[in-house]
Amino acid sequence: MAHLYAIGQQLTLYRDNKYPGGPQEFDRAIAVSTTLYIGNLSFYTTEEQIYELFARCGEVKRIIMGLDRNTRTPCGFCFVEFYTREDADDAIKFISGTRLDDRVIRADWDAGFRESRQYGRGSSGGQVRDEYRTDYDPGRGGYGKQKQAELEREANREAVGYEPITDIPTGLLPIPSYPAVSQSPSSSSSSSTQKRRHETGYYESPSEKKKSRSEKDDLQYSSRNDDNYESNYN
């Protein structure tokens, strides 16, 4: 981000926080630089407009437009490089603080353009300043990114009729009571069987239950045959 930085008797409002050298190296680079950082541009200002304006102060070597890191669209800043330092100095004197696309633009000395500096450093891809703006700026995409996200969440809640819960009850809710259900003899027998199994710790597996039913059926069939045998020979 930009901040006030003193170079001898001159003040600059911009310094690259990711400059690879130290403060003294930065001072030396600024002292011989022919590159300017231009801030507070509209997203809709074109490279041609910038060239036409700054060429009034001298021959422009190149212009590097600042781009959103994700969308690769202009995001409100650029770098202007002149062939001579005198022309760059004139641009700061006569153009910084003037209006372009109905916006007051800012021109400051820059230590020199390096690849990748043309991309915004904000978390959403644009400039950091546009992450936190709460005002509506039509020239820079409307509200700031965080404000836009907040407004979108509110719009979604209204669309689905959602109302946030503000009062949360405290304490335990009463346990509901239910009418007693009478048990049939069979269910009572089943309950006693389960109780007995619980007391003895013995539980029949499905295969054991099937086996016991089969043995019981065989016993009943054998008993019926014995009865028939006795009735036939008595």
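**Entry 1: salt bridges**

A salt bridge is a side-chain nitrogen of Lys or Arg within 4 Å of a carboxyl oxygen of Asp or Glu. I wrote that down before opening the structure, which is a predicted model. Then I looked up the total: the structure holds 10 salt bridges.

I started with Lys-93 and Asp-89. Their side chains meet in a salt bridge, 3.2 Å from N to O. Lys-93 counts as exposed, at 54% relative accessibility. Asp-89 is partly exposed, with a relative accessible area of 23%.

Next I went to Asp-110, which I found in strand S8, residues 106–110. Is Asp-110 buried or exposed? Its relative accessible area is 2%, so I noted Asp-110 as buried. Arg-117 is buried too.

What joins the side chains of Asp-110 and Arg-117? I found a polar contact of 2.8 Å. The pair is also listed as a salt bridge, at 2.8 Å from N to O. I put both labels in my notes for this pair.

**Entry 2: a salt-bridge network**

I then looked at Asp-135 and Arg-133. Their side chains meet in a salt bridge of 3.6 Å, N to O. Asp-135 is partly exposed, with a relative accessible area of 40%. Arg-133 is buried, with 9%.

I kept Arg-140 in mind for the next entry.

**Entry 3: the second largest pocket**

Rolling a probe the size of a water molecule over the atoms shows where empty space is left.

I looked up the second largest pocket and found a volume of about 180 Å³. It is lined by 15 residues, and the closest to its centre are Phe-43, Asp-68, Cys-75, Arg-140 and Lys-145. Which elements give two or more residues to the lining? They are strand S5 (74–82) and helix H5 (145–159).

I sorted the lining by class as well. I got four nonpolar, six polar and five charged residues.

**Entry 4: aromatic pairs**

Last, I turned to the rings. The structure holds six aromatic pairs. One of them is Tyr-19 with Phe-26, an edge-to-face pair at 5.4 Å centre to centre with 80° between the planes. I checked burial here too: both Tyr-19 and Phe-26 are buried.

Another pair is Tyr-37 with Phe-79. This one is also edge-to-face, at 5.8 Å centre to centre and with 70° between the planes. What does the pair tie together? Tyr-37 lies in strand S3 (residues 35–39) and Phe-79 in strand S5, so the pair ties together parts that are 42 residues apart in sequence. Tyr-37 and Phe-79 are both buried.

I followed the rings onward from there. Ring pairs link Tyr-37, Phe-77, Phe-79 and Phe-113 into a cluster.

Conventions: Residues numbered from 1 in each chain as written. Heavy atoms only, no water. Helix = DSSP H or I, 4+ residues; strand = E, 2+ residues; numbered from the N terminus. Buried < 20%, exposed > 50% of the residue type's maximum accessible area, 1.4 Å probe, protein only. Polar contact = N/O pair within 3.5 Å; in protein donor to acceptor, adjacent residues only side chain to side chain. 1 Å grid on protein atoms, 1.4 Å probe; cavity = no way out; pocket = protein on both sides within 12 Å on 5 of 7 lines; lining within 4 Å. Points joined across faces, edges and corners; volume = space filled by probe spheres on them. Nonpolar A, V, L, I, M, F, W, Y, C, P; charged D, E, K, R; others polar. Phe/Tyr/Trp six-rings, centres within 6.5 Å; stacked < 30°, edge-to-face > 60°.
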